Number of protein chains: 2
Amino acid sequence: MNAALRSPEPPALTRSVEDYLKSVFHLTSQGGFATTSDIAAMLAIAPPSVSGMMKRLSETGLIEHVPYRGVQLTPQGRRAALQMIRRHRILESYLTSRLGFDWGDVHVEAERLEHAVSDKLIERMADALGEPRYDPHGAPIPTAAGEIEEAELVTLAEIEVGRPVTLQEVGDEHPERLKYLAEQGLTPGVRLTVIDRQPFNGPTIVRLADDTTRVVGRELALLLFCRPRPDGA
Amino acid sequence: MNAALRSPEPPALTRSVEDYLKSVFHLTSQGGFATTSDIAAMLAIAPPSVSGMMKRLSETGLIEHVPYRGVQLTPQGRRAALQMIRRHRILESYLTSRLGFDWGDVHVEAERLEHAVSDKLIERMADALGEPRYDPHGAPIPTAAGEIEEAELVTLAEIEVGRPVTLQEVGDEHPERLKYLAEQGLTPGVRLTVIDRQPFNGPTIVRLADDTTRVVGRELALLLFCRPRPDGA
DNA sequence: GTTGAGAATTAGTTTAGCCTAACACCCTGT
DNA sequence: ACAGGGTGTTAGGCTAAACTAATTCTCAAC
């Protein structure tokens, strides 16, 4: 592996740099800047540590840092972040479908493995799974070339009453909450119809395909990303 | 709270501690002490770094350090080392048989993954493979309980003169050394015979199947893990 | 019984990545 | 237009794990 001199080989990012880049990616997915304190909260470290790292990363060209404003990924940083996200989501898919892991537990395992696997291993796993496009939580998997589908999803909390939707993605990584949602039958791919919502940020009531109903509190409803379906479906 | 005070929880070994323990295990598999400079050579670090780590590890009870003599694993250290070796060999087996990895290069991949996988994942893999007892190189896999069959691989530096062996594993991931060894024809699977060894930690001289010879310095010989073959082979 | 080569250790430095405490900046409310 | 609160950054310190240079130990040869 030492043709490193001709092709500008990525100088092997450290584990924590990889984590910072992933955080910035997630925090800027809606556009705008990622703030120091949001990154700190997401990584569970102190804000000054983030400031220091931001300085280093902007010197190495992975992020653009506007002091007192926040940061964004450069194209190079975005490429690295997407690679980590591909690794993470392929790992989650593989662990779930080939090694019987529960969808609530895979996140933690993938979080450690994503820093240790080679690209070769990830591609072998992706191949064994038939190049999956979505992970077990319904999140899109970036391609090896670094392209990711732009989801236009709406949280269940925002769907109008009466609208049929497909639950596309569950935006959470806490095992307990995921376990609960799975018990309720609220997993990616499920079709449901919003039949009521109570006022003052109250729960949303949905009907599943089997005509049973579920009451979903706002906190959870905000994590259920849906694609609306035409009425007649 | 603070049940941690009564039951001495394994305080999560660092990656490099895990590597040190593995080295000591391999270097003492024939009995006796592992020396500072052999550990340093095997891990490709400077001897003073080893001295420092030996001090720390003996304070935490993982090794027994006799200054100026060498080190041995305590029962606790041996347990940790065997756990790493189980991880390593299960990973090698799984990558080879389930993901089409080549016999010769699973080692490098496993070397990184062994520090990141959970016990749960290893047991799932072992289960999927039907609890294998030997890895793809023929080395015995310790049980989850930490028992290992006494038929360990031996480094080329320890093989007696005259003994024919099969080179099973190259215990290194430094590209320069691997490249050199490959140029010399010293890759996993090769059969060779030890025809001489020079004194004072001098080089080992081996004959290959094509009757050419190679002179292997001690530093490299410590990385070449061999299985002895009966004389008549 | 001394001595010197080679191995091991101590001493001091470096880098990455985190921390807390103190200070600087920005912006909104009055 | 400026005062304060909250967010961001700077300053300084700590630990793990590596390094080099200097020192100490061991043991075998004379």
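Me: Which residues are buried in helix 2 of chain B?
Reply: This is a predicted model, where local features need pLDDT of at least 70, side-chain atom pairs count only at pLDDT 80 or more, and totals for chains, interfaces and linings use all residues. Residues are numbered from 1 along each chain as its sequence is written, and chains are lettered from A and ligands numbered from 1 in the order in which they are written. A residue is buried if 20 or more other C-beta atoms, placed from the backbone, lie within 10 Å of its own, exposed if 12 or fewer, and partly exposed in between. In helix 2 of chain B, the buried residues are B:Thr36, B:Asp38, B:Ile39, B:Ala41 and B:Met42.

Me: What do the buried residues of helix 2 of chain B pack against?
Reply: Helices here are DSSP runs (H or I, at least four residues), and strands are E runs of at least two, numbered from the N terminus. Contact means C-beta atoms, placed from the backbone, within 7 Å. The partners are helix 1, helix 3 and helix 8 (218–221) of chain B.

Me: At what angle do helix 1 and helix 2 of chain B cross?
Reply: Two packed helices are described by the angle between their axes and the distance between the axes. Axes are lines fitted to C-alpha atoms, for helices over the stretch in contact, and angles run from 0 to 180 degrees between N-to-C directions. The axes of helix 1 and helix 2 of chain B come within 10 Å, and the crossing angle is roughly 120°.

Me: Which class does that give helix 1 of chain B relative to helix 2 of chain B?
Reply: Angles under 35 degrees are roughly parallel, over 145 roughly antiparallel, 65 to 115 roughly perpendicular, and the rest oblique. The axes cross at roughly 120°. That makes helix 1 of chain B, relative to helix 2 of chain B, oblique.

Me: Which residues of helix 2 of chain B make the contact with helix 1 of chain B?
Reply: Helix 1 of chain B brings B:Asp19, B:Tyr20, B:Ser23, B:Val24 and B:Leu27. Helix 2 of chain B answers with B:Asp38, B:Ile39, B:Met42 and B:Leu43.

Me: How far apart are the axes of helix 4 and helix 5 of chain B?
Reply: Helix 4 of chain B covers residues 75–99. It packs with helix 5 of chain B at an angle of about 130°, so the two are oblique to each other. Their axes are apart by 9 Å.

Me: Which residues of helix 5 of chain B make the contact with helix 4 of chain B?
Reply: From helix 4 of chain B come B:His88, B:Leu91, B:Glu92, B:Leu95 and B:Thr96. From helix 5 of chain B come B:Val106, B:His107, B:Glu109, B:Ala110 and B:Leu113.

Me: Which element gives the most to the side of chain B that touches chain A?
Reply: The contact takes 14 residues from chain B and 15 residues from chain A. On the chain B side, helix 5 (106–113) and helix 6 (119–128) each give two or more residues. The most, four residues, comes from helix 6 of chain B.

Me: Which residues are closest to DNA strand C?
Reply: A residue is near a strand if its C-beta atom, placed from the backbone, lies within 6 Å of it. DNA strand C is surrounded by 23 residues. Helix 3 of chain B gives the most to this surface, six residues. The closest are A:Thr14, A:Ala46, A:Pro48, B:Ser37 and B:Pro48.

Me: Which element supplies the largest share of the surface near DNA strand D?
Reply: There are 22 residues around DNA strand D, and the closest are A:Ser37, A:Pro48, B:Thr14, B:Ala46 and B:Pro48. Six residues, the largest share, come from helix 3 of chain A.

Me: Is B:Gly171 buried, exposed or partly exposed?
Reply: B:Gly171 is in the loop between strand 4 (164–170) and helix 7 (175–183) of chain B. Leaving aside residues up to four places away in sequence, B:Gly171 touches B:Leu223 and B:Phe225. With 18 C-beta neighbours inside 10 Å, B:Gly171 counts as partly exposed.

Key:
Contact = placed C-beta atoms within 7 Å.
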